[in-house]
Amino acid sequence: MAEIEIHNLCKSFGEVKALQNLSLTVEKGGFYGLIGPDGAGKTTLMRIMTSLLLADSGSITMGGLDPLKDYKKLRLKLGYMPGKFSLYQDLTVEENLQFFARVFGSSIDENYHLIKGVYSQIEPFKNRRAGKLSGGMKQKLALSCALIHKPEILILDEPTTGVDAVSRREFWEMLKEIRSFGITIVVSTPYMEEAILCDNISLMFDGKIVESGTPDEITSRFSLPVYSVKTSDIPETLHVLRQLQGLKSVNSFGQQIHVVPLSSKTQKSDIIDYLSINKMNDVSVTQIEAGIEDCFIDFILKTEEIK
Amino acid sequence: MKEGNIIEVENLVKKFGSFVANDNLCFEVKKSEIFGFLGANGAGKTTAIKILCGLSFPTSGKVTVAGFDVYKQRDGIRKNIGYMSQGFSLYEDLTVKENIQFYAGIYGLSRSLIKSRFEELVLKLGIEDLKDKFVRDLPLGWKQKIAFSVAIFHKPQIVFLDEPTSGVDPITRRQFWDLIYEAVESGITVFVTTHYLDEAEYCNRVSIMVDGRIEAMGTPDELKEKYNSKNMDDVFVKLARKEKE
Amino acid sequence: MNRFLGFLRKEFIHIFRDVRTMMILFLIPIFQILIFGYVIKNEVKDAKIGVIDMSHDNVTEEIVARLDAANDFEVVKEYRNYEEAEAGFRANEIKAVIVFNTEFANNLGKYRTADVQILLDASDPNLANLINSYTTVILNNYAAELNNAGGKPIISTEPRMWFNENLQSAYMFVPGTMALILMLITALMSSISIVREKETGTMEILLVSPMKPIQIILGKLSPYAALSVVNVFSILLIGNFVFGVPVHGSWVLLLLVSFLFILLALSLGLLISTVVKTQQAAMFISIFALMLPTMLLSGFIFPIENMPLILQYVSYIVPAKYFLIIIKGIMLKGVGIDYFLKEVLILLGMTIGLIVLSVLKFKNRLE
C-alpha cells in the first residue's frame, strides 16, 4: 500500500466546494507537489491529511492510518508546517525549537542531524525573537521545528510563498537533503516553476486535480505544439498575435511569448509571416517543449470553456 | 525635476534607530514606464515605497514624486498617486460598486464622472454580474483585477503596486499584466514589486535591492548581460548570493 | 467636502452591515438604561429584618406590624437575644434587627420618649443607611400619630452598625473588587491567550502534535491560575493595610474559596475561547457577558434585594454573587464554612459543569 492514498475526497464549506472528488497516491519516501493558485484547495487538502479537518466523503489513509479514527497515532508520525510559518513570534529561535522538540517528547540533540543542514544557517541567530526574523529565516526555523521530532511524513503548506527567489531555491535544496532520510514529503506551492523539482505532482485548480503524474509525464501529454516568440516589445507583439486566427492561446512568459495553435495546421512559418506582415521583424520564433505552466494554462482554459 | 522623470530619489536614507533600512538610494523613474522594484523581504523595499507614497519621512535625502517634494508636499503626492497592496485594499463587506464609489469620492471625482467611468470599467472587465456582489464573495483573481482598477480609477500619474499577483492563477496573472500594459498606454507610470521574476521581464527597467542598497539597476536585458544570466531569476540569485558571501 | 461625505457614507454602510457593531450601538445602551434604572435604587424594597421585642406590648406589636406592612420591609424573624440576632446576621437571614427594650411602651406612655435600637448589617453600608432612614421615618410617623393630649412623643433611634462600624465603603469595595478582578482578568486573559494561538495559526501545529487537548488546556490555564492567586494576595493585603478591611475569619478558607472562584473564571475563559475565533470577540464577550453582570448583578454595589424580580433571577447565575456572600462572610463576619456551605457547593457545581462543557467543546480538529 502506498504511504498516502486518497480516493474521491470531497469537502464543502457551506456552498463552497473546496474539494471535489480528489484522488492521489504518494509512495513512501516520495516527494510530492501540489501545484495550484490560491483557492485551489491545497490548504484544505493538507488539513484533511493532517487530521485537522474531516472530509465529507471519500477515503484517505496516511501511513496506513485513518485520520478520522487513528488521528492520535497519526499525529505522532507527522511533521506539519502550516501556511504563514506559524511560529511563536515572541519566543527566540532556540526557544521555538526547544518547545516543538519537547512537545513531541524529543530534544534538539536527539535529531539534530536531521535539521543540521537547515538549522545551521539560522543558528547564529538563535537568540533572536522569531518575530524579528526575515521571511527566509522564518521558513528555515519553521522547517526545523517540523522536523525536530523525526516525522515519517512531512506536510508543508506553501512554505515558499511570499519569500524571495533565493530563499526559495535554498529551501528546495534543503528539502532534497531531507529526502535522503527517507521522509515522505508533500509540499504545496503556487509557483509553477517549482513543480519540476518534485518527483510527482498534482495540478490543482478550483477544488479539483486537473492532472497528475511526474512533471515529464504531464508535459509530454501536451499534444499541441508550443512556439516561443522572442521579442523586445512584448505588449505590442501580444497585441498583434492575438489577432491571428487559428491560435488557442497567446501568453507572455517573461521575455518570450508562448503561442499555442489550435491544431498543427498552423505552423511556425505562419506565425513568422503574420508578424512580418505587421512589421514585427525583430523577432525569433522557435518550437519548444511545453512546460508545466503551459499545461496549467491549458487546463484552466479547458475548465473555463466547460463552464 | 528633470524632464521625463516622474520620481527622483537622491541619496535617500531611512534609519530606524541604528538600523539602516534604506542606505543612500539613488534612482529615477521615467514617465509611463513600468519600473520593477525587486528585492528580498527585509531588503528595504516596503520602507522605500512608503516614503515614495508620502506615508513616512526619509531620514535624509531628496525625494520628488510627480513633481512634489516628499517632505513638504505630501498632499500633492497623495492626490496624484494610486496604491494597491498585497492585502487587496478593498472593503470586503462592501460591493464592488460601493468600493469604487468610495475610493473615487475620496479622490474628488464628481458623481457623473464616477458614473461614466464605472460604466466603462464594467464593460471593459465584463463584470456586469459581479458589480453588485460583495467583495468577499468574489474569486481571488477578480479581487486583484478590480483592486487594480480601483487604484487607477482616478487616473493618477503613477500607481504603486505591492506584490499584486501573489498567489493568483497563471491566467489571471497575465490578465492583470494586460491591465498594467493598458494603464501604461494611457500614460500612467507603474511602480511594481513582485516575487515572480518572470514578471520582472515585463518591466522596462528594474532595480534590485539587497540589504538596504540598490545593487543593480537597468533594463532586464542590460542586467542579464552584465551578470551573464539567461533570465532575471538567475540575475537575482547571483546578486543576492554575492551579498551573502 | 464631497470626499468627506463619501467617507461618511462608507462608514455608515460598515456599521449597518455589522451585526456586532449594531448591537453595541443600539441594544447595549438600551439594556444599560433599563438595568441601571432598575438596579440603582436609593430605595429599599422587601428588605429582610428581624425583631428583638423585650417589651411585647400593643405598641411594639403595632410598630412591628407596620414595619412588616411597609413595602420596604419584611419582618421574617424574631430573636430572643443579641446572640441569636448576631447569628442571624452571620447567616444572612436579616439585614437589620429592631430592638425594643422591656420598658418601651411604658416609657412612651409615661415619659413621652423611648428609644429603639436598630442593629444594621453594615457590610453593605449603603443598604444599612437606607434601612436606618426608612425605619426612622416609619417610627417617627407612628410617633406623630400618637400625638394626643400629652404632646408629641418622641421615639429616638439608635443605629448600631455591625461588622463595619465606620460605614467604610471599602468594606464593600474590597471584596467586590476582588470578585470583579478575578473574574475579568482571569477569564479575559485565559480566553485571549487560547484564541491568540488560533489566530496566529500555531494552534494548528499544537493540535497536530502529540500534545493531548487536556495538556494544552492545562498548560494554557495554569499560569493564569497561579498569577491570579498573587492578585488575591495583593488585593487582600492592600485592603487590609491601606483601607483597614479586616479578615476576621480564616485566611485559609478565604484562599481556598478564592481559588475555587479562580477555577470558575478560568473555565469560563476556556468556554469563551471555544466559541470565538478572534481575540477581539473574546474581549467583547468577556466584558459584556462577564464584567457587567459581575459589577451590577452580584450585589457588589447594588443590593440584589432591591432589584426587580427578573434581575434577581438573573443574579442566580452570576457566580460572583455567591462568591461575595462567602468572602464578605469570612472577612467581615468571621464565619466558617458551615454558614455558606450552600454557596460553596453552588460555585463548585458551576465550576465542574463549566469545565466539563468546555473540555467537551474544545475541538482537537479545526472544525
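This is a predicted model: local features need pLDDT of at least 70, side-chain atom pairs count only at pLDDT 80 or more; totals for chains, interfaces and linings use all residues.
Local features need pLDDT of at least 70 and side-chain atom pairs count only at pLDDT 80 or more, while totals for chains, interfaces and linings use all residues. Residues are numbered from 1 along each chain as its sequence is written, and chains are lettered from A and ligands numbered from 1 in the order in which they are written.

Start with chain A. Its C-alpha trace spans about 70 × 45 × 35 Å along the principal axes. The chain holds ten helices and 13 strands. Helices (H or I, at least four residues) and strands (E, at least two) are DSSP runs, numbered from the N terminus. Of its 307 residues, 48% are buried. A residue is buried if 20 or more other C-beta atoms lie within 10 Å of its own, exposed if 12 or fewer, and partly exposed in between, with C-beta atoms placed from the backbone. Among contacts in chain A with a separation of 6 or more, 70% join residues 24 or more positions apart. Contact here means that the C-beta atoms of two residues, placed from the backbone, lie within 7 Å.

Now look at one helix pair in chain A. The axes of α3 (residues 93–103) and α5 of chain A come within 8 Å and cross at roughly 25°. α3(A) is therefore roughly parallel to α5(A). The label covers angles under 35 degrees; over 145 is roughly antiparallel, 65 to 115 roughly perpendicular and the rest oblique. Axes are lines fitted to C-alpha atoms, for helices over the stretch in contact, and angles run from 0 to 180 degrees between N-to-C directions. From α3(A), A:Val93, A:Asn96, A:Leu97 and A:Phe100 meet A:Leu141, A:Ser144 and A:Cys145 of α5(A). By class, this contact has five nonpolar, two polar and no charged residues. Ala, Val, Leu, Ile, Met, Phe, Trp, Tyr, Cys and Pro count as nonpolar, Asp, Glu, Lys and Arg as charged, and the others, Gly among them, as polar.

Next come the chain contacts. Chain A gives 28 residues to its contact with chain B, and chain B gives 26. On chain A, the elements that each supply at least two residues are α5 (135–147), α6 (165–179), α8 (234–241), β11 (247–253) and α10 (292–306). That side has 13 nonpolar, eleven polar and four charged residues.

Turn to α6 (residues 170–185) of chain B. Its 16 residues should span 22 Å at 1.5 Å a residue, and its end C-alpha atoms are 23 Å apart, which agrees. The expected span is 1.5 Å times one less than the number of residues. Buried residues of α6(B) include B:Arg173, B:Arg174, B:Phe176 and B:Trp177. Their cover includes β11 and α10 of chain A. After α6(B) comes B:Gly187, with a positive phi near 105°.

Finish with single residues. B:Gly141 sits in helix α5 of chain B. B:Gly141 is buried, with 20 other C-beta atoms within 10 Å. Beyond neighbours within four places in sequence, B:Gly141 is in contact with B:Val168, B:Asp169 and B:Thr172. A:Asn8 has a positive phi, near 50°, in a residue other than glycine. A:Asn8 lies in strand β1 (residues 4–13) of chain A.
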